[in-house]
Amino acid sequence: MALLQRINAAARDKVFSLQEAFVLAWNAFRFIFARPFYGQDVIQQMDAIGVQSLGIVVLTGFFTGMVLALQSAVQMQRFGATAYVGSLVTASMIRELGPVLAGLMVAGRVGSGIAAQIGSMRVTEQIDALNVMGTDPIKKLVTPRLIAALLMLPALTVINDVAGIFGGNVIAKYYLQLPTSLYWATVWDQISTGGFVLHFIPNDFVHGLVKPFVFGGIISLTACHFGLRTTGGTEGVGVATTRTVVTASILILVTDYFITQALLALLPA
Amino acid sequence: MMGADDPNDTTVKEPDNAQAAAAGASDEERRATDRRGDDRAADVVHPERVRAAIRKEITADRDADDDPRNTDAQPVIELRDVSLAFDRPILTGVSFEVYPGETVAIVGESGTGKSTIVKLILRLLVADSGEVRVLGNDIEKLTYEQALEIRQHMGMVFQGSALFDSLTVFENIAYPLREHTKLDEDAIEERVREKLRIVDLDPDQVMELAPSELSGGMQKRVGVARGLAANPKIMLYDEPTSGLDPLTTGTITNLILKLQRDLNVTSVVVTHDIRSAFRMATRIALLHDQRIVFFGSPEDMTASDDPYIQTFLGGY
Ligand SMILES: Nc1ncnc2c1ncn2[C@@H]1O[C@H](COP(=O)(O)OP(=O)(O)OP(=O)(O)O)[C@@H](O)[C@H]1O
Ligand SMILES: [Mg+2]
C-alpha cells in the first residue's frame with residue numbers, strides 16, 4: 001500500500017514537472033516578443049553560451065575530425081578508396097557529429113552553469129526578490145538564455161564542423177599523403193551530392209543547422225526548468241545541475257534520431 | 001496563467017546559524033543595556049523587572065494615546081482564516097489585519113511560519129484555504145501581471161538579504177528604480193546614495209562592490225536599502241536586524257519608526273528581537289503552534305497573564 005502510494009506520488013510529481021516544463025517553454029518563447037525585453041541580458045548570455053564555449057568546441061571538433069579520418073582511412077585502405085576520406089569526414093561531421101557533439105559539450109558546460117546559477121538564485125531567494133520587485137523571472141532569466149542558445153548553437157556547430165573537416169585534412173595530408181586540393185574537392189563533392197533545398201542550400205546544411213537550433217532550445221529550457229525547481233539548499237543545486245546535464249544529453253540524442261528521420265523523409269537526396 | 005507556477009514557489013528553510021546569529025545579537029544587546037548602568041542583575045530573569053523594562057522601552061518612544069493607526073480606513077493587508085501546509089500543517093486559521101500607517105510585528109519561535117506569512121502577503125506562496133487581501137484585492141484572484149503590479153507598492157527585506165550576486169551594490173539598489181520608475185541616471189544615483197546613508201553605509205565605499213565582498217551585516221543593510229529604494233507605501237521586513245550589531249539594530253529600528261511617523265508607511269516586521277518589536281510596533285502578533293495566540297498592543301502583551309506569553313517574554 002505504502003509502496004503504491006509512493007509510486008503514485010512520484011508519478012504525479014513527474015507529470016507536474018513535465019507540465020511545468022511545457023508551461024515554462026511556452027512562456028519563454030512567448031516572451032521573446034513581449035515587453036520589457038532584456039536585451040542586455042541576451043548579449044551577456046550570448047557571450048557566456050557562445051563565445052566562451054568556442055575553445056572546447058574547436059578542440060572537440062578538431063580531434064573528432066582527426067579520429068574519423070584515421071578510422072575510415074584504415075577501412076578504406078583495404079578497398080583502395082582512401083581518396084574519399086574527405087567525403088566521409090564531411091558527411092559525418094555536418095549531418096551528425098557536429099550538431100550532436102556541440103550539443104553535448106554545450107549541455108555539459110553551459111547547461112550545468114545555467115542550472116547552477118538559477119538554482120542558487122532560487123535557494124538564496126533571489127528569484128523571490130525578482131518577483132517582489134515586479135520582474136517576471138521567466139522574462140528576465142529564461143527568455144534571454146533561450147534566445148542566446150537558439151542563436152549560438154548553430155554558430156558553434158558550424159565552427160565545430162569546420163574544425164572537424166580541418167582535422168580530417170591533417171590526417172589526410174600527413175597520414176595518407178593525400179593532396180590538400182583533392183581532400184577539399186571531395187569535401188565539396190559530398191556537400192553537393194547530398195541534394196539541395198531551393199536549388200542552392202545543400203541538404204547537409206539544413207540537417208546541420210536545424211538540429212543545433214532545436215538542441216539550443218532543449219539545453220536552455222532544461223537547465224532553466226531544473227534551476228527554477230531547485231529545493232533543498234546548496235545540495236539541491238548540485239542535484240539540479242546533474243539532472244540538467246543527464247536530461248539534456250538524453251533529449252539531444254533522442255530528438256537527434258527523430259529529426260534525422262523526419263528530415264530524411266522531407267528532403268530526399 | 002503564470003499563477004499556476006506560484007504555488008510551487010518554494011521557500012527554503014533558513015540555516016540554523018541565522019538563528020544563532022539572531023540570538024547572539026539580542027544577547028549582545030541585552031548586555032549593552034545592562035552596561036548602561038542600571039542595577040539589574042544580568043543573570044537573573046525576573047518577570048516583573050522584564051516587564052518594567054519593556055514598559056519603559058515602550059513609553060520612551062511614544063505616548064500611549066498617540067496611535068498612528070487609521071482604523072476607520074480599510075486595512076492595507078488582511079489575512080482571513082488562512083491555512084497552509086507543506087509536508088505538515090504550518091498555519092491554521094490565521095487572521096489579522098494591518099491598517100494604514102500601522103507597524104505590526106510578527107514574533108514567534110523559529111520555524112513557526114513567520115517568513116511564510118510574509119510570503120503569503122506577497123503571493124510568493126498561495127494559501128491552501130482562506131483569503132489574503134492586499135490594498136483591497138484578494139491577491140489569489142489576481143493574474144500574474146496584476147500581482148506584479150500590486151507588488152510595486154510593496155518593499156521587501158528578505159531574511160537572507162537575497163541580493164543579486166551578479167550585480168553590484170549600486171545596481172542592486174537601483175534595480176527597483178530602473179524597473180518601475182522613469183528616474184534618470186543622476187536621480188537614481190542620488191536615491192541610491194540616500195538609501196545607503198540611512199542604513200549607515202558609506203556610499204563611496206560600498207557602491208561598486210559585489211554583494212559577496214560585503215560582510216553579512218552589510219549585506220543585510222543593503223537589503224534594507226534596496227527594499228526602501230522605490231519609497232513603497234508598504235514595507236515588509238523579514239528579520240531586518242538579525243545578525244546586526246546593537247548600534248545598527250538601533251539604527252534600523254529607528255528607521256522603521258521614522259518611516260511610520262514621517263511618511264506614514266505601513267509595515268509588517270518579522271523579528272526575533274522583542275525589544276525592537278516593542279519599540280516600533282503598534283501591534284504585535286505572536287505566532288505559536290500554527291496559530292496567532294496573541295494579537296494586540298505591546299502594553300497588552302506585557303500585561304497578559306497567559307503562561308506562554310509570559311515564558312516567551314521571559315526568554316528575552
Ligand atoms: N518550501 C517548503 N517546503 C517544505 N517546508 C517548508 C517550506 N518552507 C518552509 N517550510 C517549513 O515551514 C515552517 C515555517 O517556516 P518559516 O520559514 O516560515 O519559519 P520562520 O517562522 O520564518 O522561522 P525563522 O524564525 O527560523 O525564520 C518550517 O518548519 C519549515 O520547515
Ligand atoms: Mg523566517
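In this predicted model, the side chains of Glu96(A) and Lys211(A) meet in a salt bridge, with N to O at 2.7 Å. Glu96(A) sits in helix H4 of chain A and Lys211(A) in helix H8 (residues 203–228) of chain A, so the pair ties together parts that are 115 residues apart in sequence. The two partners sit in unlike surroundings. Glu96(A) is partly exposed, with a relative accessible area of 26%. Lys211(A) counts as buried, at 0% relative accessibility.

Over all chains, the count comes to 22 salt bridges. One of them lies within chain B, where the side chains of Glu78(B) and Arg80(B) meet at 3.2 Å, N to O. Glu78(B) counts as buried because its relative accessibility is 16%, under the 20% cut-off. Arg80(B) is partly exposed, at 37%.

**A charged network between the chains**

Arg122(A) also forms a salt bridge, with Asp128(A) as its partner. The closest N and O atoms of Arg122(A) and Asp128(A) are 3.6 Å apart. Both of these residues are buried. Asp128(A) has a partner in the other chain too: its side chain meets that of Lys119(B) in a salt bridge of 3.9 Å, N to O.

Which residues make up the network? Arg122(A), Glu125(A), Asp128(A) and Lys119(B) are linked by salt bridges. Across the interface of chain A and chain B, the rule finds two salt bridges.

The table sets out the salt bridges named here.

| Salt bridge | N to O distance |
|---|---|
| Glu96(A) and Lys211(A) | 2.7 Å |
| Glu78(B) and Arg80(B) | 3.2 Å |
| Arg122(A) and Asp128(A) | 3.6 Å |
| Lys119(B) and Asp128(A) | 3.9 Å |

**The interface as a whole**

How many residues of each chain take part? Chain A has 26 residues in contact with 28 residues of chain B. The area buried between the two chains is about 2,400 Å². Carbon and sulfur atoms give 53% of that area. On the chain A side, Glu125(A), Val132(A) and Met133(A) supply 29% of the area that chain A buries against chain B.

Nine residue pairs are in polar contact between chain A and chain B, both residues being at pLDDT 80 or more. Four helices of chain A each supply at least two residues of the side that touches chain B: H1 (2–30), H4 (85–123), H5 (126–132) and H6 (137–174). Which helix gives the most? H5(A) does, with six residues. By class, the side of chain A that touches chain B has 10 nonpolar, nine polar and seven charged residues.

**Aromatic pairs**

The structure holds seven aromatic pairs over all chains. In one pair, the ring centres of Tyr257(A) and Phe258(A) are 5.2 Å apart and the planes stand at 80 degrees, so the pair is edge-to-face. Tyr257(A) is partly exposed, with a relative accessible area of 47%. Elsewhere in chain A, Phe166(A), Tyr183(A) and Trp184(A) form one aromatic cluster.

Chain B has 12 helices and 10 strands. Of its 316 residues, 52% count as buried. Among contacts in chain B with a separation of 6 or more, 67% come from residues 24 or more positions apart.

Two residues of chain B have a positive phi without being glycine, and both are in loops. Ser161(B) has a phi of about 70 degrees. Its loop runs between strand S6 (154–157) and helix H5 (169–180) of chain B. Asp289(B) has a phi near 55 degrees. The loop of Asp289(B) lies between strand S9 (283–288) and strand S10 (291–296) of chain B.

Is each of these residues buried or exposed? Ser161(B) counts as buried, at 6% relative accessibility. Asp289(B) is exposed, with a relative accessible area of 55%.

Conventions: Residues numbered from 1 in each chain as written. Chains lettered and ligands numbered in written order. Heavy atoms only, no water. Contact = heavy atoms within 4.5 Å. Buried area = accessible area lost by both parts, 1.4 Å probe. Salt bridge = Lys/Arg side-chain N within 4 Å of Asp/Glu carboxyl O. Polar contact = N/O pair within 3.5 Å; in protein donor to acceptor, adjacent residues only side chain to side chain. Nonpolar A, V, L, I, M, F, W, Y, C, P; charged D, E, K, R; others polar. Phe/Tyr/Trp six-rings, centres within 6.5 Å; stacked < 30°, edge-to-face > 60°. Buried < 20%, exposed > 50% of the residue type's maximum accessible area, 1.4 Å probe, protein only.
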